[in-house]
Amino acid sequence: MKQVPTLLMKSLPLRCSMPQVSPSIIQQIASNQPKPKSKGGVAKVVLKKGKTQLFKDGNPMVYSGAVDRIIGKPPPKTGDIVVVADGTEKPIGWGMYNSVSMFCVRLMQLQDEATSDSLNMEKLLETRIEAAVELRRSLGLPSVDTNVYRLINSEGDRLSGLIIDVFGDVAVVASSAAWVEKYKPEIEACIRKIDYINHINWRPSVEILKEDGVNVSDLKEMHSNSTTCPERTKIMENGIAYTISLKGQKTGFYADQRENRQFISRISGGQKVLDICCYSGGFALNAVRGGALNVTGVDSSLPALELAKENVALNNMDPGRISFLKEDATEFMKGALLRDESWDIVIIDPPKLAPSKKVLHGASGMYRNLNSLAMQLTKRGGLLMTCSCSGAVTQSGIFLRILQGAASMAGRKITVLRQAGAACDHPIDPSYPEGAYLSNVLLRVS
């Protein structure tokens, strides 16, 4: 069995595949758990008839409508470990219970994976985080020219509600589930075993955690004494250096676009490039590195643009070939059209416009309008790289239809050259396709 190199882990041999034991091991362990009056032992969440197969197939999100009854007195509390069973009360797995969320249980392990360590969240965290480290190592991360990557991608790494991004020697933890907050010390202990991590920055998703029943005042108290972490740090991606703000958007940097930024670098030689919603300059800097004649970046955030300008200097790039403007994306594009400006390559990567399916219709109109303007700014025969980070758009499969509608509005013809998503360190579990959120489409516009 392979061991994680000492470069990556201070201890803990890999235990990705643990020996399987008795088929009824989950029930045996649950029955043998101590049952103090305050906890009541391990409760059992019994599913309705006909609702079992989805979760046996691996979907980790047991929604409350699939639950028939809960066996256990007193009933389980949010953050408790529970057994999930079919209608005959036969266990299909175990997970983390939530009495408030629409997701009653986040399944952590299925029956056919059960071992003597089942129903032990600390052991499971060790195993899953070790496996994630090994997977990234096999993908070449970190490397000499890239030390920023996603270590844990929620359901994709079978730890629903937990995201960990690595920025050099800093690990940023984004929590969006009550169980993650409960197991904060255990998660941090696992992260500290990674040899090159010196700092941990905990960034709870407050609004999502509210929906999960977490008390916000408790959150503030819980994180008031968190590990001290610098507000800014330097990273390297595809050989380009960046200063990033750990107080900035998301976890501080969009590692999901790494492979798409590298692609822009390959096609920018001799081109005039426009980067709309450029944030801290990721696509723009890659275009300059790829030999673009001239690059313009546009964003409405002044702190983001200050970082972008700093990153130009950090890489000793010619400031005469790259400029950044603080302006609303729509207003800038309308103004550029009035000035009869155009670019060989246009990139547009707007913020999430459809945070849920409820607003999908309105968001589709916004995406259509933005892309129509971007197409009109693209020289005929030029290229448009357009993105959506809205999971509702990606999962609905309507992005190409939106783009076709935008082309009709713009009076242009488009051809799809490339379709991509998040980089390979953002794995997706096919039993939970809702984990897919990023769409990146390269178009020829004529």
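**A guided tour around N311**

Begin by selecting N311: leaving aside its neighbours within four places in sequence, this residue is in contact with A241, Y242, T243, S280 and L285. Please note that the structure on display is a predicted model.

Next, display the helix to which the residue belongs. N311 is found in helix α10, which covers residues 302-314. Is N311 buried or exposed? The relative accessible area of N311 is 0%, and because buried means under 20%, N311 counts as buried.

Show the backbone of S280 together with the side chain of N311. The backbone oxygen of S280 lies 3.2 Å from a polar atom of the N311 side chain.

From here, select helix α8 (residues 258-267) and helix α9 (residues 282-289). The two helices pack at an angle of about 35°, and their axes are 7 Å apart. In this arrangement, α8 passes α9 in a right-handed crossing. Which residues of α8 and α9 meet? On the α8 side, select N260, R261, Q262, I264 and S265; they meet G282, F283, N286, A287 and R289 in α9. Colouring this selection by residue type shows three nonpolar, five polar and two charged residues in the contact of α8 with α9.

Finally, zoom out to view the whole chain. The domain assignment gives domain 1 as residues 39-117, domain 2 as residues 122-232 and domain 3 as residues 254-445. Select domain 1 and domain 3 together: their centres, taken over C-alpha atoms, are separated by 41 Å.

Note on methods:
Residues numbered from 1 in each chain as written. Predicted model: local features only at pLDDT ≥ 70, side-chain atom pairs only at ≥ 80, totals over all residues. Heavy atoms only, no water. Axes fitted to C-alpha atoms, helices over the stretch in contact; angles between N-to-C directions. Helix = DSSP H or I, 4+ residues; strand = E, 2+ residues; numbered from the N terminus. Left-handed = near helix turned anticlockwise from the far one by under 90°. Contact = heavy atoms within 4.5 Å. Nonpolar A, V, L, I, M, F, W, Y, C, P; charged D, E, K, R; others polar. Buried < 20%, exposed > 50% of the residue type's maximum accessible area, 1.4 Å probe, protein only. Polar contact = N/O pair within 3.5 Å; in protein donor to acceptor, adjacent residues only side chain to side chain. Domains from an automatic or database assignment.
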